Amino acid sequence: MSTFNPSLEQGPIVQAKYTSNNIITLAWNMPESLKAEAIYLSASPEFDENNSTPLDVQIEPVGASFTRTPFPGRSYYHVKFNDGSVTTVTDRMIHTDGVVNFRDMGGYLTEDGRTTRWGMLLRSADLHELSEQDLKTADALGIDWICDLRSDFEVASRPSPAIGKAINTNIPFMAEASPQEMQKIGLDLNAGYKAMILNTDKCSLILHELLKEDRDTSLFHCAAGKDRTGVVCALILLTLGVPREVVIEDYELTNLALDGLMQRFLSSSKEEDYKQYMDQMPELKNGIPEMMKAAFIRASLEAIDDNYGTFENYLHEGLGITEEERTQLKNKFLV
């Protein structure tokens with residue numbers, strides 16, 4: 001997850017892990033003679049000590065854990081070592097006031113030793129509540145294409161604002177997503193996830209859209225940015241060669257946005273609708289976290305195996321993606 005900074009000697013590789021309660025852990029493995037001296041927070045990928053905030057954190061020989069303090073937009077952590085080298089880590093989470101579950105799929109190591117590019121594949125919940133400052137933040141990301149996976153019903157209820165020059169394409173990933181239909185899907189999320197990954201027409205369309213020349217920086221979203229977005233982003237990462245377990249870890253990062261998702265759900269639901277929803281879905285009595293299990297995205301992966309044998313067969317036979325097209329996607333989104 002490190003960002004290359006050519007103006008400084010590069011320190012050792014630093015990995016970032018996210019846990020509940022907004023905690024980030026930076027971890028490294030290096031010789032005993034090399035020690036991390038300080039960690040700085042800034043809004044720039046280029047380390048400038050005068051324009052960075054030193055964090056008051058306990059630095060251990062193998063890493064440090066601390067509460068994230070996000071800037072509007074993107075945040076970067078600069079780890080300075082005792083030999084003068086610096087490693088910069090991009091915070092995967094993108095902070096806005098009006099959009100939850102907004103994050104970057106960059107920095108993932110693939111099976112062929114390459115890495116997904118930062119700033120090219122983004123995901124989020126819906127964009128309806130972007131503030132004026134949020135719109136500036138989103139515009140600065142240079143988004144070329146927004147893939148809205150919501151139904152016509154949802155788009156009409158919570159329309160998205162224009163973001164810069166981005167092309168906004170609505171690709172409804174489920175035939176219907178009214179509140180009533182969403183309740184039915186929620187009763188069996190395993191079946192829902194299997195159905196989504198086997199929606200080969202839509203999956204094929206999305207991958208072919210990414211092949212277009214004007215699709216450099218793309219943002220994928222649905223309502224909460226977890227189910228439909230989770231399946232589509234898993235598809236993209238797997239196509240690029242990211243290992244399955246890493247793809248599942250990316251899916252589970254939605255758990256970090258659960259508080260915001262719950263607040264949005266409560267604020268947008270009438271009391272009687274909320275009671276009826278919970279009565280019909282007893283597994284949610286303890287809240288949305290019950291929905292955020294790796295088993296759901298694993299169900300999609302199992303559906304691929306059960307129906308096609310391998311992911312490669314699924315790509316070629318199910319989605320009509322040739323090996324040449326897969327190579328084009330890799331060359332475009334990997335470094």
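This is a predicted model: local features need pLDDT of at least 70, side-chain atom pairs count only at pLDDT 80 or more; totals for chains, interfaces and linings use all residues.
Visitor: Which residue in β3 is the bridge partner of Y18?
Guide: β2 and strand β3 (residues 23-28) pair in the antiparallel sense. Six bridges join β2 and β3. Within β3, the bridge partner of Y18 is I24.

Visitor: Is the aromatic pair of F66 and Y77 stacked or edge-to-face?
Guide: F66 sits in strand β6 and Y77 in strand β7 (residues 76-81), so the pair links distant parts of the chain, eleven residues apart. The ring centres of F66 and Y77 are 5.3 Å apart, with 65° between the planes. Planes over 60 degrees apart count as edge-to-face. The F66 and Y77 pair is therefore edge-to-face.

Visitor: Which strands stand at the edges of the five-stranded sheet, each with a single partner strand?
Guide: The sheet is open and its pairing is mixed, with the order β9-β10-β13-β11-β12. A strand with a single partner has one side left without a neighbour in the sheet, so the edges are β9 (103-104) and β12 (167-170).

Visitor: Which residue in β10 is the bridge partner of R103?
Guide: β9 pairs with strand β10 (residues 121-124) in the antiparallel sense. Two bridges make up the pairing of β9 with β10. In β10, the bridge partner of R103 is R123.

Visitor: At about what angle does helix α5 run to β11?
Guide: Helix α5 (residues 200-210) lies across β10, β11 (145-148) and β13 (218-221). The angle of α5 to β11 is about 175°.

Visitor: Is the crossing of α5 and α12 left-handed or right-handed?
Guide: The axes of α5 and helix α12 (residues 323-333) come within 10 Å and cross at roughly 55°. α5 and α12 are therefore oblique to each other. The crossing of α5 and α12 is left-handed.

Visitor: How many nonpolar residues are there in the contact of α5 with α12?
Guide: From α5, the contact has L207, H208 and L210, and from α12 it has E325, L329, K332 and F333. Of these residues, one is polar and two are charged. The number of nonpolar residues is four.

Visitor: Are helices α6 and α11 oblique or roughly perpendicular to each other?
Guide: The axes of helix α6 (residues 228-239) and helix α11 (residues 311-318) come within 11 Å and cross at roughly 105°. Angles of 65 to 115 degrees count as roughly perpendicular. α6 and α11 are therefore roughly perpendicular.

Visitor: How many nonpolar residues does the contact of α6 with α11 have?
Guide: L235, L238 and T239 of α6 make the contact with F311, Y314 and L315 of α11. One residue is polar and no residues are charged. The nonpolar residues number five.

Visitor: How many charged residues are in the contact of α7 with α10?
Guide: The axes of helix α7 (residues 244-252) and helix α10 (residues 294-308) come within 9 Å and cross at roughly 140°, which makes α7 oblique to α10. The contact is made by R244, E245, I248, Y251 and E252 of α7 and A294, F296, I297, R298, L301 and D305 of α10. Six of the contact residues are nonpolar and none are polar. The charged residues number five.

How values were computed: Residues are numbered from 1 along each chain as its sequence is written. Side-chain values use heavy atoms; hydrogens and water are left out. Two strands pair if DSSP finds at least two bridges between them. Helices (H or I, at least four residues) and strands (E, at least two) are DSSP runs, numbered from the N terminus. Axes are lines fitted to C-alpha atoms, for helices over the stretch in contact, and angles run from 0 to 180 degrees between N-to-C directions. Angles under 35 degrees count as roughly parallel, over 145 as roughly antiparallel, 65 to 115 as roughly perpendicular and the rest as oblique. Contact means heavy atoms within 4.5 Å. Ala, Val, Leu, Ile, Met, Phe, Trp, Tyr, Cys and Pro count as nonpolar, Asp, Glu, Lys and Arg as charged, and the others, Gly among them, as polar. Rings of Phe, Tyr and Trp (its six-membered ring) pair if their centres lie within 6.5 Å; planes under 30 degrees apart count as stacked, over 60 as edge-to-face and the rest as tilted. A crossing is left-handed if the near helix is turned anticlockwise from the far one by less than a right angle, and right-handed if clockwise.
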